[in-house]
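Let's take a friendly walk through a protein model, piece by piece. Keep the picture at hand while you read.

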Amino acid sequence: MAVAQPVGVYEREDLLTGCQAVAEGIRLANVDVIAAYPIRPYTEVMDAISKIIADGKLVAEYIVADSEHSQFEIVKHAASVGARAFAGSSGTGWMYGFEALVVTATDRLPVLFLVGNRALDDPGAFGVEHNDALAIRDMGWLLCWVATAQEALEHVLLGYRIAEDREVRMPMALAMDGAFLTHSQHIVRIPSQEAVNRFLPPFDLGERRLHPDNPVSIAPQVNEDWVMEIRRQNWEAARRARGVIATAYEEFNQVFGQRYRPPYSFEEFLTDDAEVVLIGMGTVAMPARTAVRRLREQGHRVGYVNLRWFRPFPTEELRESLRRFRAVGVIDRDFAHGAPDDGGVLLHEVRSCLYPVRERPAVVNFITGLGGRDVSIQDAIRMYEITQEAARKDRLDGFVTWVGVRE
Amino acid sequence: MATADKVLVYDRIKGVKQIPLEEFYTSGHRTCQGCESATVMRQFIKAAGPRTVVAGSTGCMYVANTSYMTTPWIVPWMHTQLGAGGSSAVGMAAGLRALMRKNRIPQEKIHVISFCGDLGGGDMGLSGISGALQTDYDLLIIMYDNESAANTDIQATGLTTWGAQTTFSPVGKVERIMHRRWKKNVAAMLAVGHPNCRYVATACATFPPLDFLNKVRKALSIGGPTFIHTYDPCPKGWDFHPRYSHELGELGVRSGLLPLYEIIDGEVVYTYDARKTAKGRIPVREYLTRQGRFAHLTEEDMAHIQRMVDQMWDEWEVPGVAPFRGTLKVSA
């Protein structure tokens with residue numbers, strides 16, 4: 001149901017799922033090599049891309065691989081010769097290709113992957129959990145969560161812009177909640193090719209490109225002689241990425257209008273006078289924001305922080321933001337069994353980020369929505385109530401609450 | 001199956017004096033004395049020439065072969081993962097083709113070659129190689145087979161000869177034979193399962209002379225995905241003096257244990273057929289007794305290997321290649 005109404009730099013509006021929006025982004029980014037392998041829920045993006053290619057709307061090499069490991073290795077090596085490449089996966093498929101994910105990062109090859117977040121086996125579940133994407137958090141990937149289909153499309157363009165930047169050259173994982181975003185339809189404004197070309201330069205791997213005219217040896221055995229220096233270089237690239245991310249959003253705004261506000265790595269909702277906030281990643285923003293509105297109608301000063309970029313973690317900006325509040329409730333759609341205080345992954349990132357602040361807010365944790373279980377508005381209100389209580393107390397009895405679990 | 005091109009047009013090396021003098025795999029590697037896998041490296045890139053990109057899977061030809069700051073590769077080379085022999089080739093070929101289609105790099109023939117060991121290619125990476133052989137990209141996958149995880153400590157793989165001692169199959173007080181798997185028939189398996197793959201071959205780096213060089217040339221000329229399996233005697237892993245490396249390869253081929261053939265458009269050609277030599281197939285014990293890894297074998301063990309090899313040549317529908325026997329018979 002295309003609505004042919006050009007809106008400035010946008011060529012049309014369409015009703016698209018998160019996966020379909022990413023496919024439009026891949027078309028507009030003029031991606032060169034795409035490798036597919038099926039697994040729910042990310043797989044719909046490949047359905048859409050293969051149709052785009054079959055309809056002649058994108059010239060690309062499209063390969064249906066024999067496994068995720070091959071799929072990821074194919075795009076890694078396509079990138080090594082200088083091609084812009086795309087792949088993706090979900091849950092246990094993502095883990096099957098994990099070895100390839102690690103080397104893609106250590107080789108500093110700026111491919112873009114879609115992670116349609118899915119619970120890891122066993123037992124089987126199609127629904128969202130963030131543990132799949134979070135598994136790469138220490139490997140040198142850019143890792144970003146989007147919450148709407150519009151953001152998904154735009155972050156394909158932003159993702160390539162940031163990943164391919166000479167200062168960064170890191171692979172980019174674009175994560176989105178399985179079902180809640182991969183398969184839910186949104187009205188999406190689709191940019192014109194001309195506008196995209198103004199924003200996104202062609203990929204140039206430069207002196208690292210594998211070609212007979214540039215006979216380099218890539219990733220030879222280094223052992224203890226050099227591995228530490230190479231890790232250090234990758235560490236510095238991840239640090240530089242923070243600045244490049246900000247620049248990329250500014251450039252994006254210049255072309256597409258004021259789509260994003262600083263700090264781009266996260267966005268705040270009704271936090272100006274808030275005493276208590278929740279922070280989470282992905283589509284949990286929706287019930288959380290509705291809960292904020294309802295609670296504010298009753299006079300509660302609450303807000304929501306939607307964390308977009310998990311790697312690199314926006315340490316300084318988030319620290320300055322969260323220190324303003326009396327209590328922070330961290331929503332984890334993941335698990336980290338046996339971790340400190342038995343909390344989730346994001347809890348530890350946020351607490352660690354806040355540690356240097358002398359007058360810290362109280363930090364509590366919620367494990368919720370696992371395996372695709374719905375996080376309701378009532379669940380979000382309950383999380384706000386617990387966080388408000390933590391703000392009032394001097395001492396916390398427990399840090400972690402499972403919300404929406406049968407006990 | 002595609003109609004067989006009876007005459008495969010390629011730039012044949014007709015004599016030893018015609019072997020290109022240029023080396024594209026030179027000093028800098030740290031492989032052992034008498035390493036036949038290093039000879040495979042040197043030869044395949046000599047045959048392919050400088051307009052080539054190479055991916056090398058993890059294995060001894062990565063770890064011992066390509067050290068930072070002392071790379072032996074004159075051509076562009078990149079490490080790939082143990083099981084990525086097939087997928088790395090597909091990736092490079094797809095990337096180059098896409099860039100040429102979009103006029104971002106000049107149109108030209110660039111050879112894409114990926115090599116992997118018997119552990120990486122024959123065991124772990126089999127699925128990826130199968131995937132690669134289903135594509136329509138021009139690429140060559142070379143599986144260099146020294147019958148062990150030769151860099152990791154000489155562990156048994158699916159291609160280790162039956163009965164061999166390795167660090168995973170030592171001789172013990174109770175068990176004499178710990179490695180009881182028969183050598184996996186990788187080249188023929190791939191040829192049978194991938195009718196679009198026009199060229200599959202087995203080879204030995206130095207025997208017969210020129211054979212391997214010309215097989216690489218054929219594989220790169222015929223187009224589409226191709227596969228070569230090389231037999232590489234390994235002095236360290238097989239326990240023999242490095243001066244006998246070439247000789248061991250020759251003995252393996254002449255005994256029939258390591259059959260040499262190519263399958264071009266589904267047609268099997270024996271590139272060395274011991275049956276047609278004056279001596280015929282030599283007994284496998286002439287090959288086995290030259291290697292320390294078989295020192296523990298009894299006469300019965302060697303007779304078992306001989307029986308298996310005899311079966312390969314006398315009973316298989318395609319001798320030495322395909323382990324099918326005759327037509328289905330209805331039992332009485």
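Helix 3 of chain A covers residues 68-80, and at 1.5 Å a residue its 13 residues should span 18 Å; the end C-alpha atoms are 18 Å apart, which agrees. The expected span is 1.5 Å times one less than the number of residues. Helices here are DSSP runs of H or I with at least four residues, strands are runs of E with at least two, and both are numbered from the N terminus.

This is a predicted model, in which local features need pLDDT of at least 70, side-chain atom pairs count only at pLDDT 80 or more, and totals for chains, interfaces and linings use all residues. Residues are numbered from 1 along each chain as its sequence is written, while chains are lettered from A and ligands numbered from 1 in the order in which they are written.

Is helix 3 of chain A largely enclosed or left open? Because 13 of its 13 residues are buried, the helix is largely enclosed by the rest of the structure. Buried means 20 or more other C-beta atoms within 10 Å of a residue's own, exposed means 12 or fewer, and partly exposed lies in between, with C-beta atoms placed from the backbone. Just after this helix, A:Gly82 has a positive phi of about 105 degrees.

Now for the sheet. Chain A has an open sheet of 7 strands in the order 3-2-4-5-7-6-13, with mixed pairing. Two strands pair if DSSP finds at least two bridges between them.

| Edge strand (chain A) | Residues | Partner strands |
|---|---|---|
| Strand 3 | 61-64 | a single one |
| Strand 13 | 309-311 | a single one |

Inside chain A, strand 4 (residues 85-89) and strand 5 (residues 112-117) pair in the parallel sense over 4 bridges, and A:Ser89 stands opposite A:Val115.
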